Amino acid sequence: MILEAKKTTVAYRCPHCGSGVVSMISPFSVGADMVKLKCECGMSEMIMAFSKDGKVRLTVPCMLCPKPHNFTVSKNLFFGKDIFLLPCPFTGVNICFMGDADAVKAELSRTELELLDMLEKSGIEGGFEAIHAADDSELLPDPQIFDIIMFVIRDLEAEGHIHCKCEDGKGEYEAEVLDYGIKVRCTKCDAETIVPTDSLLAANAFLNADSLHLE
């Protein structure tokens, strides 16, 4: 009797063309140290690095942020779930999808509708193609946006909804205003993330965030 190896479907959405990028990964394909899932447009790729300690380190492009996000999961989790989702650390929008092929495609479609709704509410017309055009052609029009984002960050901290490598409630956080965003860092474990302010869509999305995860 031949046993079929457990496979998982992995997907992300290209932040440049908006296409869903989907691939099947099997345990036999992780013999290589690294697998890259590239969009056909050639403008983005998701990197999966497989280590000997049973971990999978993922670098995932984000529709809302100017830079990819890094995640680490176990191989058992990577191959063992019917559906497992990884969200953008500060907007909560799912950007990485793993599991059963039908479940992954269904969640990819659901997230597409969520993103299109966010675009509409942010006043950005033209679908996914307009995201980068908007970011390149217009800075955030309201100079108070920095103050609003800082208020949300302080509110999340006060409610205990900022999470880092420290035990919940033990982190100590500071925020630094940069040219392209606001960097939030834990002074104890050095985990950090940047809330971009050079993306109108990302900034608007953050205003509705209910948590912030530092990497």
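Modeller: In this predicted model, helix α4 comprises the 14 residues 145–158. The buried residues of α4 are I145, I149, M150, V152, I153 and L156. Viewed down the axis of α4, these buried residues fall within an arc of 155 degrees, and therefore they line one face of the helix. An α-helix has 3.6 residues a turn, so residues three or four places apart point the same way. On the face of α4 turned away from the buried side lie the exposed residues D147, F151, R154 and A158. After α4 comes G160, which has a positive phi, near 75 degrees.

Glycines with positive phi also occur in the hairpins. In the hairpin of β4 and β5, with four residues between the strands, G54 has a positive phi near 80 degrees. In the hairpin of β7 and β8, with six residues between the strands, G92 likewise has a positive phi near 80 degrees.

A division into two faces can be described for a strand as well. Strand β5, residues 55–60, has a covered face formed by V56, L58 and V60, and an uncovered face formed by K55, R57 and T59. On the uncovered face of β5, R57 is the bridge partner of A49, while T59 stands opposite N70 in β6. Strand β5 runs antiparallel to β4, to which four bridges join it, and antiparallel to β6, to which six bridges join it.

Terms used. Residues are numbered from 1 along each chain as its sequence is written. This is a predicted model: local features need pLDDT of at least 70, side-chain atom pairs count only at pLDDT 80 or more; totals for chains, interfaces and linings use all residues. Side-chain values use heavy atoms; hydrogens and water are left out. Buried means under 20% relative accessible area, exposed over 50%, partly exposed in between (1.4 Å probe, protein chains only). Two strands pair if DSSP finds at least two bridges between them. The expected span of a helix is 1.5 Å times one less than its number of residues. The arc is that of the directions from the helix axis to the C-beta atoms.
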